[in-house]
Amino acid sequence: MKTFFSRAGRVRYAVLALLLAGLSFSANGQVNSWTGSASGNWEDASWSLGILPGAGQTILITNANWKAVAIGTNTALNFPQSLTVDSITVSSPADTSNTLLLNYAGINNPLSANSLTVASNSAVMMNGSALQVSNLITVNGTFTEDMFSVVTNLSLDVETIGAGGFNLNSGLLISGFGEDIGLKFPSTFVQAGGTNHAVGVRVYPNSEYDLNGGLLDGVIILRPQATFRQQGGVVDNSTNSANLTSVDGNFLQSGGMFIGPTNSGMYLPGYFFLHQGTASGSALQTGGTNVQNNLNLGNQTAAENQDNGQAPPYGGTYTLSNGVVVTSGTIVAANGTMEQAGGTHIVNGTLNLQGSLYYAFSVINETTPAVYRLDGGTLSAQEELVGVAANFSQAGGTNHVADTISFAQPSNPIGASGRGQYSLNNGELAASNILVLGGQLNQSGGDLVVTNQLLLQNTTFQQTGGTLKQSGLLSLLSANWYPASGSQQPGQLKLADGGSDSLGLPASACVLQFADSSGVAWSGGVLQILNWSGSIYGGGNQRIIFGNGAGALTGQQLSQITFANPIGLASGNYPARILATGEMVPNTGSALPVALSLASQSNSSVRIVIGGQIGSNYIIQTSTDLVHWVPWTTQLDSTGTIGVNDSTASAPTRFYRVIQMP
């Protein structure tokens with residue numbers, strides 16, 4: 001794309017200074033200056049050449065006093081030949097103001113020039129009129145387009161310092177047949193309506209484009225400290241397939257719709273390779289809809305860089321508190337941050353978090369993370385990858401993954417500290433598959449929902465709170481799982497390697513309800529149960545249950561499970577046994593002894609609790625003297641524990657004993 005930047009700009013300023021000094025010549029032809037001290041019409045006899053403007057003339061509206069030179073219906077109908085000139089300059093001496101007013105001249109006979117310059121303290125105002133500039137429009141003052149006017153030009157530079165700028169209220173502005181619109185110096189472009197069709201809109205430091213209504217069709221390029229603010233209207237760059245939205249400044253959206261290029265995307269930072277390592281892009285969305293082919297945040301370089309020095313300091317941050325972001329793919333790279341406190345982020349493809357590791361002599365010298373913070377709202381994606389040096393923290397909201405979310409670790413073992421991490425503190429994480437491939441998954445709250453496979457490989461899954469709900473397969477491959485207290489519902493269990501896996505129970509009450517796993521083929525290896533403090537009869541405060549019966553695990557599977565130093569038993573490793581209820585307990589090597597306990601109830605009855613062998617019948621006998629025993633009731637132990645109340649006890653002293661029937 002060809003643009004007019006510094007050298008052409010200096011030439012224009014030099015020419016303007018000479019003209020303001022009173023020189024009356026031009027390389028393009030004669031100079032024709034407005035001489036009237038008051039406002040008048042373009043066709044008035046107030047021109048220095050004594051004739052109306054015409055072809056090849058340089059037109060100057062530069063003299064003193066406050067006035068407007070108007071082009072109206074009469075001008076367009078009766079003096080159309082005066083509307084074609086070489087160049088037009090509108091400027092004002094100190095403490096005065098000149099205005100070129102195109103006032104309902106229509107669009108059939110436009111004002112045509114090779115160039116137009118609007119100097120400071122000066123203005124062009126258009127109502128229902130047309131303007132054609134074959135080269136450059138330079139605005140150092142104020143340009144207002146209204147009432148369905150039409151402006152066409154090759155390139156538009158807004159270089160206003162202070163008040164002024166370009167105001168598009170309605171009509172059509174076409175800029176950039178090979179060029180673009182540039183907002184230079186501290187200048188503003190305010191669009192309240194109409195259509196702005198531009199190849200590109202470049203906003204330079206401390207300048208701002210405000211879109212409040214209408215349509216903008218042009219690629220947005222924000223330099224450092226530049227601002228694009230959208231409160232309404234539509235940005236449609238869907239036909240600009242080869243370009244991208246480049247944000248090295250501030251992108252602010254509170255309303256309207258932004259549609260990015262079809263085959264590219266929005267980059268924060270944008271053209272960072274042109275900078276000297278200091279620029280960062282920022283986006284804040286509090287409303288509206290932003291549709292992008294790709295959203296790219298941070299330093300888009302390789303995830304692992306061997307002996308590559310220090311990471312560049314620039315990055316990109318996108319904050320979503322309301323509204324909708326829709327992408328075909330979202331990439332959060334090194335020094336990139338996505339902060340979502342509300343709204344909806346829809347990724348019709350992959351959400352990819354990839355930070356960077358920088359090594360020095362095979363040791364990590366610097367880590368530049370990729371960060372996603374989900375505190376509220378809804379995130380949905382087809383797939384999610386929490387890769388090298390990536391950190392995903394969820395304190396609220398919902399994260400729905402249609403297919404797979406995976407967590408990776410660096411290929412270099414020394415880079416293990418750069419593994420991908422996901423912390424679920426609140427809200428809901430729901431996925432078809434969760435693959436923890438050496439990365440880290442922690443849960444302190446919220447709901448973890450897995451409809452298919454949960455694979456824990458070369459990792460420790462630490463749960464200190466929240467719930468796990470799974471209907472598929474939980475695979476352990478050299479992994480450690482520390483479940484939270486309360487009720488957890490993993491799916492079928494599979495030992496997927498020949499190594500060692502562990503299941504460490506919390507100190508408080510915990511129930512793990514696995515699905516029937518007898519039909520799952522296990523590889524070799526051992527699952528070690530740690531910190532178990534339940535009841536060997538079942539039904540204790542810690543319960544590990546498979547299915548709903550003793551056949552929910554095969555004998556081979558039971559032989560691969562051990563209880564290490566279960567609380568309440570002598571130290572050592574105990575094989576596992578499965579009760580008729582499907583609950584798994586340590587196997588002491590002998591039949592379960594009968595245990596009897598009594599507890600008084602508030603209604604004066606006595607609660608008798610018996611621990612015994614599931615499937616056996618037990619007779620409970622009573623006595624008042626410990627010599628003569630009378631059968632009271634017979635009970636079948638179907639769960640490992642029998643509980644029955646005696647509400648007929650009336651003797652001052654009443655004893656109970658239980659006998660297992662043959």
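I began with the strand pairings and noted that Ser475 stands opposite Lys494 in β45. The model is a predicted one, in which local features need pLDDT of at least 70 and side-chain atom pairs count only at pLDDT 80 or more, while totals for chains, interfaces and linings use all residues. Residues are numbered from 1 along each chain as its sequence is written, and side-chain values use heavy atoms, with hydrogens and water left out.

I then looked up the strands around that contact: β42 pairs in the parallel sense with β45 (residues 492-495) over 4 bridges, where two strands pair if DSSP finds at least two bridges between them. Strands here are DSSP runs of E with at least two residues, numbered from the N terminus. β42 (residues 473-477) also pairs with β40 (residues 453-457), again in the parallel sense, over 5 bridges, and I noted Leu474 in β42 as the bridge partner of Leu454.

Next I turned to the aromatic rings, for which the count comes to 17 pairs; rings of Phe, Tyr and Trp (its six-membered ring) pair if their centres lie within 6.5 Å, and planes under 30 degrees apart count as stacked, over 60 as edge-to-face and the rest as tilted. Trp34 and Trp47 form an edge-to-face pair, 5.2 Å centre to centre with 85° between the planes. I located Trp34 in the loop between β2 (29-33) and β3 (40-41), and Trp47 in the loop between β3 and β4 (58-61), so the pair ties together parts that are 13 residues apart in sequence. Trp34 counts as buried because its relative accessibility is 3%, and Trp47 counts as buried at 6%; buried means under 20% relative accessible area, exposed over 50%, and partly exposed in between (1.4 Å probe, protein chains only).

For Phe228 and Phe258 I found ring centres 6.0 Å apart and planes at 90°, so this pair is edge-to-face. The pair links distant parts of the chain, with Phe228 in strand β18 (residues 227-230) and Phe258 in strand β22 (residues 257-259), 30 residues apart. Both Phe228 and Phe258 are buried, and both belong to a cluster linked by ring pairs that also holds Phe143, Phe166, Phe189, Tyr209 and Phe251.

Last, I looked at Tyr104, which lies in strand β7 (residues 98-118) and is partly exposed because its relative accessible area is 44%. Tyr104 forms a nonpolar surface patch with Met147 and Phe148, with about 350 Å² of accessible area together.

Notes
Patch = residues over 30% accessible without salt bridge, like charges linked within 9 Å, V, L, I, M, F, W, Y side chains within 5 Å. Areas by Shrake-Rupley, 256 points an atom, 1.4 Å probe, with all protein chains shown as cover. Salt bridge = Lys/Arg side-chain N within 4 Å of Asp/Glu carboxyl O.
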